[in-house]
Amino acid sequence: MTTRSTRGTAQPPADAMTDRLVEFVGLLRDHGIAAGPSETIDAAEAMLALGLADRNRLRSGMAACLLRRNGQRAVFDQLFDLYFLTPDQPQLSSTPESIDALRDRVVSALAQDDRAATADLARQALTELGAYGGAGTGQTSAPVTTASGAGWSSYLTMKSLRPEDLIARIVAGMGGNSDLDTTVHTIEANRRLNAFRTAVQTEARLRSAQLRGTEYIARRGVQSSTDQVDFLGAREQDLAEMRRLVNPLARKLATRLAARRRKSVRGQIDMRRTLRRSMATGGVPIAPVLRARKHGRPDLVVLADLSGSVTGFAEFTLQLVQALQDQFNKVRSFGFIDTCDEITSFFTPGEPPTPGTAARIVRNSNVARFGSSNYGEALQGFVDNYLDALGPRTSLLILGDARTNRTDPNLAALQAMSDRAKHAYWLNPEPSRSWSTGDSAADVYAERITMHECRNVKQLAEVIARLLPT
Amino acid sequence: MSKFFGSVDDVTRRLTDAGYLPSTDIATAVFLAGHLGKPLLIEGPAGVGKTELAKAIATATTSDLVRLQCYEGIDEARALYEWNHAKQLLRITATDNEGWDSTRDHVFTEEFLLQRPLLAAIRNPHSTVLLIDELDKADVELEGLLLEVLGDFQISIPELGTVTALRKPFVIVTSNANRELSEALKRRCLYLHIDYPTAELERAIVRLKVPELDETLGEPVVRVVGALRELSLRKAPSIAETVDWARTLVALRARNLTGAVVRSTLGVLLKYQADHRIAIERLELPEAREGQAS
């Protein structure tokens with residue numbers, strides 16, 4: 001077992017610390033955290049006030065000075081660890097434990113939720129299982145060039161450790177005997193296991209940074225914050241996190257919409273309320289009250305590509321549309337792959353769609369005949385069967401990557417649709433630079449309809465905010 | 001000017017005495033806000049103790065708490081100050097034969113000024129904690145007004161001149177992040193995001209707030225709540241709900257936490273029908289039967 005860490009005992013000179021801080025802030029900016037000079041000065045003062053001895057405190061304090069938004073903390077923590085923690089030199093214990101013994105210790109540490117032991121284990125597991133290309137064999141003091149290919153891998157560690165299989169044993173170790181205990185403990189065990197995985201990843205990054213130089217890893221090895229992860233490249237854990245981001249987003253947009261409506265009040269004076277208010281000013285009607293105007297609520301028609309290439313994206317947008325439907329008089333949604341079918345009934349008002357809705361729709365409705373995208377056919381299908389869904393108060397929202405598998409894009413159908421609707425927009429989850437590549441008809445469609453690039457949650461929020469009716 | 005706290009440990013100790021258990025993040029941010037003399041912007045889900053923190057700081061530093069509760073449509077007159085029109089009119093009618101000049105000088109004096117929370121906090125000669133609650137509910141215009149107050153701790157009243165703070169108040173701004181606050185405002189503040197606490201801290205909070213709860217129940221209560229937070233719910237239960245739930249269990253005299261008990265008291269924790277369904281399904285809770293309350 002390795003000894004408890006003795007991190008950060010050396011006090012570097014003040015100048016070096018300033019340089020390090022400035023470099024750190026520069027990297028934060030590269031990762032989308034816009035900290036200005038005044039924030040940097042605050043952070044420096046925080047460092048003075050808090051001292052460098054307690055790294056957790058320093059981390060909290062600098063986060064308070066430099067961050068301005070929820071969701072940035074994960075990136076910040078990763079970079080902070082790189083810059084202000086110096087990892088222990090990995091020591092190979094003379095007799096490496098067998099993997100089974102290590103797994104036993106992981107089980108007991110996680111079952112007892114022993115943080116210190118978990119952190120030690122993460123380090124040890126990485127030392128014994130995660131080295132590749134000759135890292136950890138004793139000559140780690142000299143920086144290794146990238147070409148030499150040595151390093152530390154959390155992936156290798158986890159592959160040998162196979163912690164997924166340990167869940168049942170961890171749950172057993174947590175005690176409890178009722179059914180409720182078991183289910184609750186399973187959820188908890190999964191969470192702890194994820195924390196363990198993160199610890200191993202952090203440690204691997206730290207050590208790789210030592211091998212290759214901090215800046216190399218900081219630029220490449222840090223995960224970007226969730227609202228900037230691409231829909232099309234998102235992994236399972238990103239998706240869960242992104243779902244959490246979308247929910248409050250919808251409510252945020254709804255309040256903004258309500259506020260905008262209220263502000264647009266003008267017109268007739270409401271005599272009764274004006275007189276009532278004039279009481280405060282001695283009967284002089286200084287501030288006239290206007291009668292609120294009745295707003296007709298606009299309709300929304302959504303047409304979503306549900307083919308395999310954009311499912312992640314479609315799911316999010318459906319979720320958002322669902323949440324916005326209280327604001328709209330009527331929402332009708334249609335899905336398509338190579339034909340078009342109405343999918344409104346797959347959503348219950350007031351309940352966010354569960355993960356996997358898109359897949360369920362494809363199974364149970366008539367959106368696919370052959371199963372590969374055909375935009376021309378799908379648009380024609382809409383025009384033939386559902387064109388009366390569009391009217392002079394309807395906003396039309398088309399979601400898809402416009403990759404038509406080299407079939408006819410059928411511009412006439414799109415033209416007919418956008419002519420009938422009040423507004424028509426297209427959200428495309430692909431970066432705009434690849435719109436004209438391969439089988440994408442995005443450029444052709446973009447000439448007939450306003451097309452927005454909508455690659456991540458952040459862009460989705462911006463686009464939807466702009467599209468909301470005023 | 002005296003600082004509010006001496007050190008991070010000092011913050012932790014005094015807040016704990018005031019009945020608020022801070023995490024490292026919270027204690028450090030509070031200390032820095034006091035030390036640097038900057039406002040503290042707190043975000044986080046509803047019910048994690050943002051407002052409670054402000055109250056605890058006021059208690060811990062024996063300061064007056066001035067609270068500005070924001071709502072949609074709040075304006076200058078409700079946040080800063082207002083002239084008492086009715087009284088001014090009375091004054092003018094009461095002195096008919098006075099000249100215009102002297103009337104004008106008289107009606108715009110302190111006597112006719114109605115202090116609203118921001119002005120009151122700035123002019124308070126005692127140590128003050130100013131809580132600007134749920135700023136995201138207010139319109140963007142109010143943020144503009146706040147910039148002068150938060151940046152320089154002063155308020156300009158055209159008729160009277162600039163009022164500068166006698167003692168810098170400890171300013172706390174809370175937001176549920178229903179809308180993004182402006183960059184200008186954020187730049188003037190330190191930022192603290194309060195999330196759900198660790199199991200350990202939450203157990204301590206439950207013990208502090210509901211001492212009557214059976215010692216053996218503290219652990220499972222916090223665990224069940226933790227498990228619920230892991231599910232993808234519309235509104236995950238926060239600390240306020242945990243404490244309410246613990247109180248409910250005390251009132252029901254529950255001795256152990258079975259699926260039936262959780263099921264029958266789920267309404268305390270989850271406030272949406274859909275969330276109930278998810279929780280029942282994922283935690284495999286049994287059907288609630290009549291007379292199964294304890």
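Colleague: Let's start with a pair of strands. Which residue stands opposite Ser156(B) in strand 7 of chain B?

Modeller: Side chains in a regular strand alternate between the two faces of the sheet. In this case the residue across from Ser156(B) is Thr162(B) of strand 7. Strand 6 (residues 154-157) and strand 7 (residues 161-164) of chain B run antiparallel and pair over 4 bridges, and they make a hairpin with 3 residues between them. Pairing takes at least two DSSP bridges between two strands; strands (E, at least two residues) and helices (H or I, at least four) are DSSP runs, numbered from the N terminus.

Colleague: What sort of model is this, and how do the labels work?

Modeller: It's a predicted model, where local features need pLDDT of at least 70, side-chain atom pairs count only at pLDDT 80 or more, and totals for chains, interfaces and linings use all residues; side-chain values use heavy atoms, with hydrogens and water left out. Residues are numbered from 1 along each chain as its sequence is written, while chains are lettered from A and ligands numbered from 1 in the order in which they are written.

Colleague: How do I read the interface, and what area is buried between chain A and chain B?

Modeller: Interface size is often given as the accessible area lost when the parts come together. Between chain A and chain B that is about 3,800 Å², with 54% of it from carbon and sulfur atoms (accessible area with a 1.4 Å probe, summed over both parts). On the chain A side, Arg68(A), Leu180(A) and Ile187(A) lose the most area to chain B, together 17% of what that side buries. The contact (heavy atoms within 4.5 Å) takes 40 residues from chain A and 46 residues from chain B.

Colleague: Is Ala227(B) buried or exposed?

Modeller: Buried means under 20% relative accessible area, exposed over 50%, and partly exposed in between (1.4 Å probe, protein chains only). Ala227(B), in helix 11 (residues 215-230) of chain B, is buried at 0%. Leaving aside neighbours within four places in sequence, Ala227(B) is in contact with Val184(A) and Ile187(A).

Colleague: How many salt bridges cross from chain A to chain B?

Modeller: A salt bridge needs a side-chain nitrogen of Lys or Arg within 4 Å of a carboxyl oxygen of Asp or Glu. The rule finds 4 across this interface. One salt bridge joins Arg57(A) to Asp9(B), with the closest N and O atoms 2.7 Å apart. Another links Arg73(A) with Asp25(B) at 3.0 Å between the closest N and O atoms. Arg73(A) belongs to helix 4 (residues 73-84) of chain A and Asp25(B) to helix 2 (residues 24-36) of chain B, so this pair joins two chains. Arg73(A) is partly exposed at 24%, and Asp25(B) is partly exposed at 23%.

Colleague: And inside one chain, which residue does Arg403(A) bridge to?

Modeller: Arg403(A) pairs with Asp439(A), the closest N and O atoms being 3.0 Å apart. Arg403(A) sits in the loop between strand 6 (394-399) and helix 16 (411-420) of chain A, and Asp439(A) in the loop between strand 7 (423-428) and helix 17 (442-446), so the pair ties together parts 36 residues apart in sequence. Arg403(A) is buried at 17%, and Asp439(A) counts as buried at 18%. Arg403(A) is also among the residues in contact with Ser373(A), which is itself buried at 9%.

Note on methods
Buried area = accessible area lost by both parts, 1.4 Å probe.
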